[in-house]
Amino acid sequence: MATVALELPQKRASAVPRNVRHDPPLVRWGLTLLALLALGVFIVLPLVAVFVQAFEKGVPAYLAAIREPDTLSAIRLSLLAAGISVPLNVIFGVTAAWAVTKFQFKGKNALVTLIDIPFAVSPVVSGLIYVLVFGAQGWFGEWLGDHDIRIIFAVPGIVLATVFVTFPFVARGLIPLMQSQGTEEEEAGLALGAGGWQVLFRITLPNIKWSLLYGVILCTARAMGEFGAVSVVSGHIRGETNTMPLQVEALYNEYNFAAAFAVASLLALLALVTLAVKSLLEWKMRRVDSELHMEANPEA
C-alpha cells in the first residue's frame with residue numbers, strides 16, 4: 001500500500017512576527033483623527049463657546065455679571081456645600097477604605113456595594129428621597145416643622161444632597177490602592193509597639209496621600225458642579241438656595257445669556273483646573289510607583 005506524505009506549509013524563516021501594537025499607518029492616523037474630531041466637537045468646541053459667550057459683551061459686563069448679588073450668593077453657597085461635604089467624605093472614605101482593605105468582617109461586601117449606590121442612583125432620585133424623608137409631608141417633616149428646623153429648601157438639604165452624590169469618590173479612589181499595598185507595613189508597626197492612631201498617621205496616610213488628594217479633587221469638582229439632586233431640594237430661591245449650576249439655569253431661562261455664560265465659565269474654569277491638577281497627581285503617582293518598583297527590583 002502506497003504511503004502518501006502530506007507536507008504542511010512551513011513558515012519562512014525570514015518572516016517577521018507582527019507586533020499587535022504596530023497597526024498600518026492608515027489605521028493609526030484614521031483612529032487618531034477620529035478621536036481628535038470627537039474631542040473637538042464634544043469637548044473643546046463647547047468649552048470655547050462658553051468663554052466666547054461669556055466675554056461677548058466685554059470684560060466689564062463679565063465682571064458685573066459675576067459681582068451681581070445673587071451670583072455671589074450662589075458662589076458662596078457652592079463653596080459652603082463643597083467645604084462641608086468634601087471633609088465629611090474624606091473622613092468616611094479613609095475610614096471605609098481602611099476597614100475594607102485592612103480587616104475581615106461580616107458585611108464587608110455589603111459595605112462596598114453601599115459605597116457604589118450613588119453611582120447607580122440618579123441624582124434626581126436621591127433628591128426626591130430627601131424630600132420624602134425631610135420634606136413637609138415626609139417621614140420627619142411634622143417633627144422638623146414643630147421644632148422650626150428647615151432641611152428641604154434650605155442649606156442643610158443642599159449639603160445632604162451634595163454629600164450623597166460625592167459619597168463614593170474618596171473611598172473608591174483609595175480601596176484599590178490600599179488593597180494592593182496589603183497590611184505588612186501596618187502589622188510591622190504594630191509589632192514594634194505603635195498604637196492604632198500612630199499606624200494610621202505615620203504609615204497608612206503617607207502611603208495613600210496622592211490617591212487621597214486625587215479623590216479630594218474629584219469630590220470637590222463634583223460637589224461644585226452638582227445640579228440634579230440639589231435642584232430637587234433647593235427650591236430655587238434666588239439669593240438663598242441657588243448654587244452656581246442653578247444660577248446658570250435661572251439666568252438662562254430669563255434670557256440673560258451673557259450673565260449665564262459668565263457663571264458657567266467659572267464652572268468650566270474649575271473643570272479645567274481640576275483636570276490639570278488631576279493630570280499632575282496622576283504623573284506624580286506614576287513616578288512614585290516607578291521609584292518604588294526600582295527600589296524593589298534594583299536589577300531591573
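**Fold first, then one residue**

Mentor: Reading from the N terminus, the elements of the protein chain go α-α-α-α-α-α-α-α-α-α-α-α-α-α. Keep in mind that this is a predicted model.

Trainee: How many helices and how many strands is that in the protein chain?
Mentor: The count is 14 helices and zero strands.

Trainee: What share of the residues counts as buried?
Mentor: 32% of the 300 residues in the protein chain.

Trainee: And what about the surface, how much of the accessible area belongs to carbon and sulfur atoms?
Mentor: 67% of it, out of about 19,100 Å² for the protein chain.

Trainee: Switching topic: where is Glu 226 found?
Mentor: In the loop between helix H11 (196–225) and helix H12 (228–234).

Trainee: Is Glu 226 buried or exposed there?
Mentor: Buried, because its relative accessibility is 4% and the cut-off for buried is under 20%.

Trainee: Which residues does Glu 226 contact if we leave aside neighbours within four places in sequence?
Mentor: Pro 123, Val 165, Thr 243 and Pro 245.

Trainee: Back to the whole chain: for contacts with a separation of 6 or more, what percentage comes from residues 24 or more positions apart?
Mentor: Such pairs account for 72% of those contacts in the protein chain.

Technical notes: Residues are numbered from 1 along each chain as its sequence is written. This is a predicted model: local features need pLDDT of at least 70, side-chain atom pairs count only at pLDDT 80 or more; totals for chains, interfaces and linings use all residues. Side-chain values use heavy atoms; hydrogens and water are left out. Helices (H or I, at least four residues) and strands (E, at least two) are DSSP runs, numbered from the N terminus. Buried means under 20% relative accessible area, exposed over 50%, partly exposed in between (1.4 Å probe, protein chains only). Contact means heavy atoms within 4.5 Å. Accessible areas come from the Shrake-Rupley method with a 1.4 Å probe; for residues, only the protein chains shown count as cover.
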